[in-house]
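User: Please take me through the strand pairing in this model, with the criteria stated as you go.

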Amino acid sequence: MPLTHLERLEGESIHIMREVVAECEHPVMLYSIGKDSAVMLHLALKAFQPAKLPFPLLHVDTRWKFREMIEFRDRRVAELGLDLIVYINPEGEARGINPFTHGSAVHTDVMKTQALRHALDRYGFDAAFGGARRDEEKSRAKERIFSLRTAQHRWDPKRQRPELWRLYNARRNKGESIRVFPLSNWTELDVWQYIYRENIPIVPLYFARPRPVVQRGGTLIMVDDDRMPLAPGERPVLKMVRFRTLGCYPLTGAIESSADTLPAIIREMLLTAHSERQGRVIDHDSAASMEKKKQEGYF
Amino acid sequence: MAQRPGIIPADIPRDLDSQESKGLLRFMTCGSVDDGKSTLIGRLLYESKLIFEDQLAELAADSKRVGTQGGELDLALLVDGLAAEREQGITIDVAYRFFATERRKFIVADAPGHEQYTRNMVTAASTSQAAVVLIDARKGVLTQTRRHSHILALLRVRHLALAVNKMDQVGFAQAAFDPIVDDYRKFAAGIGIEKFTAIPLSALKGDNVTTASANMPWYRGPTLMEYLETLTVDQSLEEQPLRFPVQWVNRPNQDFRGYAGLIVSGRVGVGERVRVAPSGRTSEVARIVGPRGDLERAVAGQSVTLTLTDEIDISRGDVIAIADQAPAIADQFQATLVWMHEEPMLPGRPYLMKIGARTVGASITSPRYKLNVNTLEHLAAKQLELNEIGVCNLSLDQPIPFDPYEQNRDTGGFVLIDRLTNDTLAAGLIHFALRRSDNIHWQALDVNKEARARLKGQRACILWFTGLSGAGKSTIANHIERQLLAQGRHTYILDGDNVRHGLNKDLGFTDADRVENIRRVAEVARLMVDAGLIVIVCFISPFRAERRLARALVAEGEFLEVFVDTPLVEAEKRDAKGLYAKARRGELKNFTGIDSPYEPPEQPEIHLETTKLSPEEAAQAVLAALRGAGILLPATDDH
């Protein structure tokens, strides 16, 4: 019986993670609480069993994540006995940076991109796992599995190394680091199928429930706490919604759906007509926006 | 929500199971610029319904703005990624796309067709099980078709579809198709491609991509999609001998010692007798820890952790095999190299080689020949440049387990890495081991280095002086040698100028010759160390990599790097030989400090700043360092 595509992807991802642990001194796993992070963490636990995870998790908290995400994070960390570092950009926090007053671009830059750079520098991590996939977006289709970053965390297209066979070059000079994407070859559907097959816990926000939302610019935004300013006359309405991707709640669009179980979500996936990044407000800034963000050090 | 035809999941659990049991095919596309490669991939994605509505809206907008189809959907834009490329209208790197049908999941590597991007094609081919070679029906087999096919043959991509595209432009005529196929067959046989499937199609119009073309009733073969869905992917990987490169030793506690890795070929079962290469030790598989608990057997493609019944010493990079099918072991090879970096390959320069989970030191002889991939001619070459392919001999600093690449991609394919920048420089394919390493044994002699050195009241070493021309290397070295002679020590100075008059008079000043210059001097110095001498080498030796090569030739502690640190302005002011003036006038090329770089040592054992020390003081500092390093034994000590 030949291996299924999920078994092959699993084998590849585990191999990638072990290469990093064997060749790097201070790896870290960027844990964003979403479904891709859930799969990545699940694979890491398999890769190193029966040993404990040989690296910590890092969550860059923008202070605007959904409350259910934070609850889920803390519960999983406790259940699995994981070593989690939560980093909030202290400067951004002091300045009260938020997506409403400062806009999504500034908020993302300060609380996510800069915060990630600070955190990596502060703890001296030389390799960071991220859950990005090549199928997410056009510029990511060319991303290496091992992506070299300069001491300033910049992605220099000219310095990216050819990747042949299963050979990954993890060597780096002082100050340089690598971002590693073990899920590079997974698709969104693969991720859901794997979550289903392996029964991996995920944040309940992925399942359809009645939630209070407002419609803004064609996007359904969930009113997750009372920090969300409402326009005059704007009233949250309860709608049956779920999320395909999770981020900062004011920047993450919900979709109307009745899919409240994994099979229902996968069924919707098979029928859907929209890509998952559509729900992300930050992608719409400009045609090559992801690529610019990547050069600046955004994941 | 729009319904996606083709997939109607009436019964979800059953559908999930069928989704899960799909196989996976990785393939690549290659063709010349304008053969319609991006359009074809765009078409495959489009027809497998993997283009979402928001992406379609973006595509429609892009098609109007920069499209080449007069405002109609330009499917090629679906697969063009980086902003700069989109503006130039060409793809310049390997992109990976994903789509699925009812039968299979596909990962397609989109390799560019541009003349100079051999590098990207080789990268894409290295992970591909099949390839689609595009030919423009109006142009036929081109130089680039030959180049791409040769690379596919070299990288052993075994399944090949010849997609004769743009049939709509030649009236869908069989008379246009047949001669191209004949032409290709003649060429392919010559490079070892025995089998291929030729398909006439139009990526632009969709003929024979996923649906059989009504315009070409004369063609009875499969559509491209049928071909990709049904070709039998090598099950032979599982039938091959077991190769399990150990990535990581998992030792959480005293009771568990496991070897983690991915099975790159073959299969393994509990209780089987295994042999570890290169040590040759044998044991038995006790447990196979898989992703979902313990397994009885595991096969190629799975990442597992093996435990053995015996406590034997195994570390990262070792290869576990079935006991009577162990890989060969050698430290010298003949290999094909594909050079992938702007820095050319220099014979003799020390590189790192990564093969499997093992990284070793490697150096390369002059290429036996380089290949004209268009004509398959063998050309004489002294070095390899970016995108060149050559056959070379490699010499490693330790024996490694391997298989010829044609038998096993994972144990026969390697990359070369720069020791300084850590860039990946080249891809390599091992052909066979060279016997030479077995035949030249070092003569083990009773009178050895230590004995010879002790007789002279010293330990042997190399004092390697590096610095700009005119820095004062020779002056300081002379002071030191006089002092040592007075103490009854045995020394010899190898001076850059003197050596160039004799041993190295055939060498010029190109980068390649400079490397060879240093290599020869380092080898002579090594023999002199073996003779028990304190060897003083005075060479500008501007490159860190070459100094590292010299250091690697002798034992730890026998190489003392002395940085004679004189700023360029100061050296130029002294200019005892008038060389700087000549170089400034352009009469001397490749002069260090002027039009050739000097890479100062990062951690020299001895650092002499000549603007602060007189030559005598500098010599005293070196002598003190020699005493400190235990090179100069006290006269009474005869141990």
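Analyst: This is a predicted model, in which local features need pLDDT of at least 70, side-chain atom pairs count only at pLDDT 80 or more, and totals for chains, interfaces and linings use all residues. Residues are numbered from 1 along each chain as its sequence is written, while chains are lettered from A and ligands numbered from 1 in the order in which they are written.

User: In which sense do strands E25 and E27 of chain B pair, and over how many bridges?
Analyst: Strands are DSSP runs of E with at least two residues, helices are runs of H or I with at least four, and both are numbered from the N terminus. Two strands pair if DSSP finds at least two bridges between them. For E25 (residues 461-466) and E27 (residues 534-538) of chain B, the sense is parallel and the count is five bridges.

User: Which residue in E27(B) is the bridge partner of B:Trp464?
Analyst: Strands of a sheet pair through backbone hydrogen bonds, either parallel or antiparallel. The bridge partner of B:Trp464 in E27(B) is B:Val537.

User: Which strands of chain B stand at the edges of the sheet?
Analyst: The open sheet in chain B has five strands, paired in parallel in the order E26-E27-E25-E28-E29. Each edge strand has a single partner strand, so one side of it is left without a neighbour in the sheet; these strands of chain B are E26 (491-495) and E29 (606-609).

User: At about what angle does helix H13 of chain B run to E27(B)?
Analyst: Axes are lines fitted to C-alpha atoms, for helices over the stretch in contact, and angles run from 0 to 180 degrees between N-to-C directions; contact requires C-beta atoms, placed from the backbone, to lie within 7 Å. Helix H13 (residues 473-486) of chain B lies across E25, E26, E27, E28 and E29 of chain B, and its angle to E27(B) is about 165 degrees.

User: What share of the 299 residues of chain A counts as buried?
Analyst: A residue is buried if 20 or more other C-beta atoms lie within 10 Å of its own, exposed if 12 or fewer, and partly exposed in between, with C-beta atoms placed from the backbone. For chain A, the buried share is 54%.

Conventions:
Two residues are in contact if their C-beta atoms, placed from the backbone, lie within 7 Å.
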